[in-house]
Amino acid sequence: MNDWSPQQSADLYGIQHWGAGHFRVNDDGEVAVQLPGGEVSVPLPEIARGLRERGFDMPVLLRVENHLEKGIRRINETFAEVIDESSYQGHYRGVFPIKVNQQSQIIEEVVQCGRPWHHGLEAGSKAELLVAMAMLDDDERLIICNGYKDGELIDLALRARQLGRRCFLVAESRAELDLVIERSRALGIAPLLGVRVKLSTRVDGHWSSDSGDRSLFGLTATQLIDVVDRLRDAEMLDCLQLLHYHIGSQIPNIRNIRDGVREACRYYGGLLEEGAPLGYLDLGGGLAVDYDGTRGGSGHSRNYSLREYCADIVEGVQEAMDPAGIPHPHLVTESGRATVAYTSVLLFNILDVATFHPEPVDESLPEDAPDPLKYLLELIGNVTPRNMQESYNDATYYRDQAREMFQRGDVNLRLRSLAERMYLAVMQEVAVHARDAERLSAELEALPGRLADIYYGNFSVFQSLPDAWAIQQVFPVMPIHRLDEEPTRLAVIADLTCDCDGKLDHFATGEGVAHRLPLHPLRDDEEYDLGVFLVGAYQETLGDLHNLFGDTHVASVRINDDGSFDFIHELHGDSIADVLSYVEYQPDTLYRRFRDSAEAGVRSGRITVAQRQQMLGAFSESLRGYTYFER
Ligand SMILES: *Cc1c(COP(=O)(O)O)cnc(C)c1O
């Protein structure tokens, strides 16, 4: 009976490509979280069961702490290996950009896991700088301050410096530099300075406008000279110890990375020539995640490995510095996305399905049924490969006629419904034949999309996957169980918001990005749970309150070497009262006002006192409840 294997599901969803050893399909047909080495894994359905037993309904954002640790370890170890093999003289110091996931548990974990490698933090605002100052107590770990700086931020960074922290102020403009000089003199503290340069190297992918001459950030060659002169005048050129650039996030093409290194090294040499001591080269972020598993050059992927990334940087710097006799700088990267993406999985259940697969049409039509309906009925069961285009055209024509007759009042609602169902029945037959055809008209090409099921998921794209909406980011999505069963439906996924943008219709599959996802039919009395993977970077805080769906529950697990796992943190998502207060309602006031209405209802005799009590109980219980669908 069952001639479908978990391996076929693994191939279908491409998990071995985008999962990158973090996730796999096990022999029981479930998605499992995997530890490095592959011997230890824990099925996600088991974790989901544990969560439900603890009162955490779907949707839940699940964080796997082991994957974050692995992210930090891998980049540090890979750079260390390459540096060792190439006899590179500098060392590597990574920093985690706080903006990529500011949640305190994540930053705590980054700080904790990063300790052996002196992994630091990058801050782009005062708030982020305060976090970095409080969390790091190791003078070897870098704090890099990017972004706009006012006097207060500069003072904070100088204080951190006074305390011995290796805290760099990266100047992005001449005005900022003047302020740094002024505050440094006022406080009598010498800063560690960096400069951000604007490279002309352009990158491919979504962030290409961050790079090149028109990028928003960084100093041009001319401005850089101006900065150097100003520092020399102020007798502070010796503070300039870091050269920084950031040419974009999710850089899909390794060539862009190499080009950036080459150009930055020229700037590095130029600044040394001008008398700046430097010592650190900070290449910013950009290390991409292979979201669609294609290893291609698309914006959702990358055509290089971590090892290649590290090697190209180390060797690129060496090649540029050695002929000029320049000592190798210490290398800094600000990888955010690649470090945390694998940590988080959004788990949600499916609530309902809308299919475009009609119930079998009853053969008999009323005697006086209008002609278009009779013709539609004749088409059913008679579609062949040869006449499929004709059948498509005819069915569409008769369906449109039936619709017109409905509008004129010549066809009633029941007959209109019948016409629509007969039309879909014909379309389903056409679609079956179209699957095997070699050349199709644009209409037939688009047909499977029009017939795809809609699976309604218990989550909000806007809250949990904002990049899927805002920049059409592809995230891998798949069922976490029933993978020993063939998924026979093709679907798009709609969320709970009543917004036509609240949907997922780009999916990573074994054969690249598809517009429909194979899924299983729902079963009675059984939840159907899906996971959206690789959502650890940027999604949590960019999310918004569209339709007042709030933060989901969050749970972190740590998987032990013996395959057991512990729930380390559990965080309840927003209650309805929480989200209402975010938009300046006062839940107490809302309750009082509703109570007044209920009391008036009692007074007028519309409801009893007991009914009043039930109503108020339901109202206040809802205020305390989850914003998502609860069974
Ligand atoms: C956003 C940002 C990063 C992080 O980039 P990723 O692509 O996530 O690694 C690093 N540095 C700066 C200056 C940034 O603005």
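**Notes on charge pairs and helix packing**

1. Lys70 is buried (under 20% relative accessible area, where exposed means over 50% and partly exposed lies in between, with a 1.4 Å probe and protein chains only), yet Lys70 has no salt bridge, and the nearest side chain of opposite charge, Glu77, is 10 Å away. A salt bridge here requires a side-chain nitrogen of Lys or Arg within 4 Å of a carboxyl oxygen of Asp or Glu; Lys and Arg count as positive and Asp and Glu as negative, while His and the chain ends are not counted. Lys70 is found in helix H4 (residues 65-85), helices being DSSP runs of H or I with at least four residues and strands runs of E with at least two, numbered from the N terminus. Leaving aside residues up to four places away in sequence, Lys70 touches Ala20, Gly21, His22 and Pro36, contact meaning heavy atoms within 4.5 Å.

2. This is a predicted model, in which local features need pLDDT of at least 70 and side-chain atom pairs count only at pLDDT 80 or more, whereas totals for chains, interfaces and linings use all residues. Residues are numbered from 1 along each chain as its sequence is written, and side-chain values use heavy atoms, with hydrogens and water left out.

3. The structure holds 35 salt bridges. One of them joins Glu69 and Arg558, with the closest N and O atoms 3.6 Å apart; Glu69 lies in helix H4 and Arg558 in strand E22 (residues 553-559), so the pair ties together parts that are 489 residues apart in sequence. Glu69 is partly exposed, with a relative accessible area of 29%, and Arg558 is likewise partly exposed, at 23%.

4. Arg196 and Glu172 also meet through their side chains in a salt bridge (3.7 Å, N to O). Because Arg196 lies in strand E9 (residues 192-196) and Glu172 in the loop between strand E8 (166-171) and helix H8 (174-187), this pair ties together parts that are 24 residues apart in sequence. Arg196 counts as buried at 8% relative accessibility, and Glu172 counts as buried at 11%.

5. A further salt bridge links the side chains of Glu485 and Arg523 (2.5 Å, N to O), and Arg523 counts as partly exposed at 38% relative accessibility. Salt bridges that share partners join Glu65, Glu69, Glu109 and Arg558 into one network.

6. Where helix H14 (residues 388-408) meets helix H16 (residues 442-451), Met388, Gln389, Tyr392 and Asn393 in H14 contact Glu443, Leu444, Leu447 and Arg450 in H16.
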